[in-house]
Amino acid sequence: ETGIKTPDYDHLWSNEFKNNVYIPADDSFLLMDVLEEDKQQLQQLQPLVCLEVGTGSGCVSAFLSKLLTSFGNKHSLIFATDVNSIATFAAKETFKKNEINNSELILTDLVSSIGDRLEGFIDILIFNPPYVPSLSSDVGSYDIEAAWAGGIDGRQVTNRFLPLVSKLLSPKGCFYLVGVKENKPKEICSLLANYNLKCEKFVQKEIIFESLFVLKFIRI
C-alpha cells in the first residue's frame with residue numbers, strides 16, 4: 001500500500017528554526033495517520049476551503065495538501081495560522097520544499113484576523129493545540145512555548161477556540177482536534193455537543209510519556 005509521504009522538514013533542524021518552532025512529533029504523525037485513514041470521506045467531502053490553526057512547521061497542512069491532490073482535488077485552498085512569526089517562516093519553507101502552492105499562511109492568534117471572513121466556509125478544520133498541562137502563566141507567549149504550554153488541564157487555548165468551531169465549519173465540514181488524556185476528551189465532546197457537533201471518531205495512541213488522542217467532529 002502506497003501511502004502519502006511525510007513532507008520533507010529537514011530545514012527545521014537549522015539554527016534558525018530548531019529552538020523556535022515545534023518539530024513534528026508523535027502528535028503530528030498521529031494526526032497525519034488519521035487524515036490518511038479518512039481519505040475516502042475526505043474525497044467525498046470535496047473540500048474547497050481548509051484551515052489549520054496553529055500550523056507550527058506547516059507539516060500537517062503540507063500533508064493535507066498532498067492527500068487532497070492524491071485524489072485529484074486541485075481546487076482546494078488551505079489556510080494555516082500561527083502566533084509565532086518564526087513558525088510562519090518555517091512553514092513557508094516547508095510549503096516551498098514540498099511544492100505546496102495552494103496554501104496561505106497567516107500570522108495571527110488562533111483565527112482572530114480571519115475568522116469573520118471564513119465563517120461557514122471551512123470544510124476541513126484542524127487544530128493541534130498546545131495541550132501540555134502547565135502553569136497558567138506559561139500560556140500566551142509568542143515563541144516556542146506557545147506550541148506546548150496548555151495551562152490548566154492543558155485546555156486553556158483549546159477552550160478559547162472551541163466556541164468558534166461551529167461558526168467556522170461549513171454545513172458539511174469536519175473538525176480534527178489533537179490532545180492528551182489530561183485534556184479530558186469526554187468533556188470536550190460534551191462542550192461541542194452544545195454547539196450541535198458530534199464526535200464521530202476517537203483515536204487513541206499510547207506513547208512513552210503521554211496518551212494521545214485525535215477527535216473528529218461533524219455537525220449533528
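User: What is the place of Asp153 in the chain?
Analyst: Asp153 belongs to the loop between β6 (149–151) and α6. The model is predicted, so local features need pLDDT of at least 70 and side-chain atom pairs count only at pLDDT 80 or more, whereas totals for chains, interfaces and linings use all residues. Residues are numbered from 1 along each chain as its sequence is written, and side-chain values use heavy atoms, with hydrogens and water left out.

User: Why does Asp153 count as partly exposed?
Analyst: The relative accessibility of Asp153 is 30%. Buried means under 20% relative accessible area, exposed means over 50%, and partly exposed is in between (1.4 Å probe, protein chains only). Asp153 therefore counts as partly exposed. Its phi is also positive, near 60 degrees, in a residue other than glycine.

User: Is Leu110 buried or exposed, and how do you know?
Analyst: Leu110 has 9% relative accessibility and therefore counts as buried. This residue sits in the loop between β3 (103–107) and α5 (115–118). Although Leu110 is not a glycine, its phi is positive, at about 55 degrees.

User: What makes Asp38 a buried residue?
Analyst: The relative accessibility of Asp38 is 0%, so the residue counts as buried. Asp38 lies in the loop between α1 and α2 (39–45). Beyond its neighbours within four places in sequence, Asp38 is in contact (heavy atoms within 4.5 Å) with Tyr176, Lys201 and Lys216.

User: Why is Lys201 called buried?
Analyst: Lys201 has a relative accessible area of 18%, and is therefore classed as buried. The residue lies in strand β8. Residues up to four places away in sequence aside, Lys201 touches Val34, Glu37, Asp38, Val214, Leu215 and Lys216.

User: How do you know that Tyr176 counts as buried?
Analyst: Tyr176 has 0% relative accessibility, so it counts as buried. Its place is in strand β7. Leaving aside neighbours within four places in sequence, the contacts of Tyr176 include Leu31, Leu35, Asp38, Leu42, Ile124 and Lys216.

User: Which residues have the most contacts inside the largest nonpolar core?
Analyst: They are Leu31, Leu35, Leu42, Ile124, Ile126 and Tyr176, in a core of 35 residues. A nonpolar core is a set of buried Ala, Val, Leu, Ile, Met, Phe, Trp, Tyr and Cys residues joined through side-chain atoms within 4.5 Å. The elements that each supply at least two residues of this core include α1, α2, α4 (85–97) and β4 (122–127). The largest share, 6 residues, comes from α3. A second, separate core of 26 residues includes Leu118, Val157, Ile188 and Phe217.

User: What does Leu42 touch?
Analyst: Residues up to four places away in sequence are not counted; Leu42 then touches Leu35, Pro47, Leu67, Phe71, Ile124, Cys174 and Tyr176.

User: Why are the buried residues of α7 on the same side?
Analyst: In α7 (residues 185–193), the buried residues are Pro185, Ile188 and Leu192. They cover an arc of only 50 degrees around the axis, which puts them on the same side of α7. The arc is that of the directions from the helix axis to the C-beta atoms. An α-helix has 3.6 residues a turn, so residues three or four places apart point the same way. The buried residues of α7 pack against α6, β7 (169–180), β8 (197–206) and β9 (211–219).

User: What is the volume of the largest pocket, and what makes a set of points a pocket?
Analyst: The volume is about 560 Å³. On a 1 Å grid over the protein atoms alone, a pocket is an open set of points with protein on both sides within 12 Å along at least five of seven lines, whereas a cavity is a set where a 1.4 Å probe fits but cannot get out. Points are joined across faces, edges and corners, and the volume is the space filled by probe spheres set on them.

User: How many residues line the largest pocket?
Analyst: The lining has 39 residues, of which Gly54, Asp82, Pro130, Ala146 and Ala147 lie nearest the centre. A lining residue has an atom within 4 Å of a point. Among the elements that each supply at least two lining residues are α1 (26–37), β1 (49–53) and α6 (156–168). By class, the lining has 20 nonpolar, 12 polar and 7 charged residues. Ala, Val, Leu, Ile, Met, Phe, Trp, Tyr, Cys and Pro count as nonpolar, Asp, Glu, Lys and Arg as charged, and the others, Gly among them, as polar.

Methods:
Helix = DSSP H or I, 4+ residues; strand = E, 2+ residues; numbered from the N terminus.
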